[in-house]
Amino acid sequence: MNTENYRLAVKHVIETYARFRPSHGNIRLDTVFDETHDRYALMQAGWDRGRRVSGNLIYITLQDGKVVVEYDGIEHGITDDLIREGVEEKDIVLAFLEEPEMAAAA
């Protein structure tokens, strides 16, 4: 699969999660897509029970033909979603678990 197809797959997965609404609180979910640098995120911002809520829910980069999951804050993980969208399992790097070889060599 080429980079453009991976871009579309990643964006579709993030857009799917962006449609969900938290069960409580007044929390907005925002997609952030930087196709120039191949950075894709789902951010949350708002209030819940008198406390400010903000930060990443998903952060993915595309590097060297790989889909690098930098952060996955989804309870069940997004790997299966990426695979269903056509991303080859061998091309998914879970960077939050261990340092990827491609980053270590850079």
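The helices (H or I, at least four residues) and strands (E, at least two) are DSSP runs, numbered from the N terminus. I noted for myself that this is a predicted model, in which local features need pLDDT of at least 70 and side-chain atom pairs count only at pLDDT 80 or more, while totals for chains, interfaces and linings use all residues. Residues are numbered from 1 along each chain as its sequence is written, and side-chain values use heavy atoms, with hydrogens and water left out.

I looked up bridge partners and found Leu-42 paired with Ile-58 in β3, and Ala-41 standing opposite Tyr-59 in β3. In a regular strand the side chains alternate between the two faces of the sheet. The hairpin of β2 and β3 has two residues between the strands, and Arg-49 there takes a positive phi near 55°, a positive value in a residue other than glycine. I then checked the accessibility of Arg-49, which is exposed, with a relative accessible area of 68%; buried means under 20% relative accessible area, exposed over 50%, and partly exposed in between (1.4 Å probe, protein chains only).

**Entry on β1 and β2.** Strand β1, residues 26-34, pairs with β2 in the antiparallel sense over nine bridges, and I found Ile-27 opposite Gly-46 in β2. Four residues lie between the strands of this hairpin, where Asp-38 has a positive phi near 55°. Asp-38 is buried, with a relative accessible area of 10%.

**Entry on β3 and β4.** These strands pair in the antiparallel sense over six bridges, and Thr-61 stands opposite Val-68 in β4. Their hairpin has two residues between the strands, and I recorded a positive phi of about 50° for Asp-64 in the turn.

**Entry on α1.** I read 16 residues for α1 and a reach of 22 Å from its first C-alpha to its last, close to the 22 Å expected at 1.5 Å a residue, where the expected span is 1.5 Å times one less than the number of residues. At the start of α1, a side-chain oxygen of Asn-2 comes to within 3.1 Å of the backbone nitrogen of Glu-4. Glu-4 itself is partly exposed, with a relative accessible area of 37%, and its C-alpha is separated by 9.6 Å from that of Glu-35, 31 residues apart along the chain. The buried residues of α1, including Tyr-6, Val-10, Val-13 and Tyr-17, pack against β1, β2, β3, β4 and α2 (79-84).

**Entry on the core.** Which members touch the most others in the largest nonpolar core, a group of 21 residues? They are Val-10, Leu-42, Ile-58, Ile-60, Val-67, Ile-78 and Leu-82; such a core is a set of buried Ala, Val, Leu, Ile, Met, Phe, Trp, Tyr and Cys residues joined through side-chain atoms within 4.5 Å. At least two residues of this core come from each of α1 (3-18), β2 (39-48), β3 (51-63) and β4 (66-72), and the largest share, seven residues, comes from α1.

Terms used: Pairing = 2+ DSSP bridges. Contact = heavy atoms within 4.5 Å. Polar contact = N/O pair within 3.5 Å; in protein donor to acceptor, adjacent residues only side chain to side chain.
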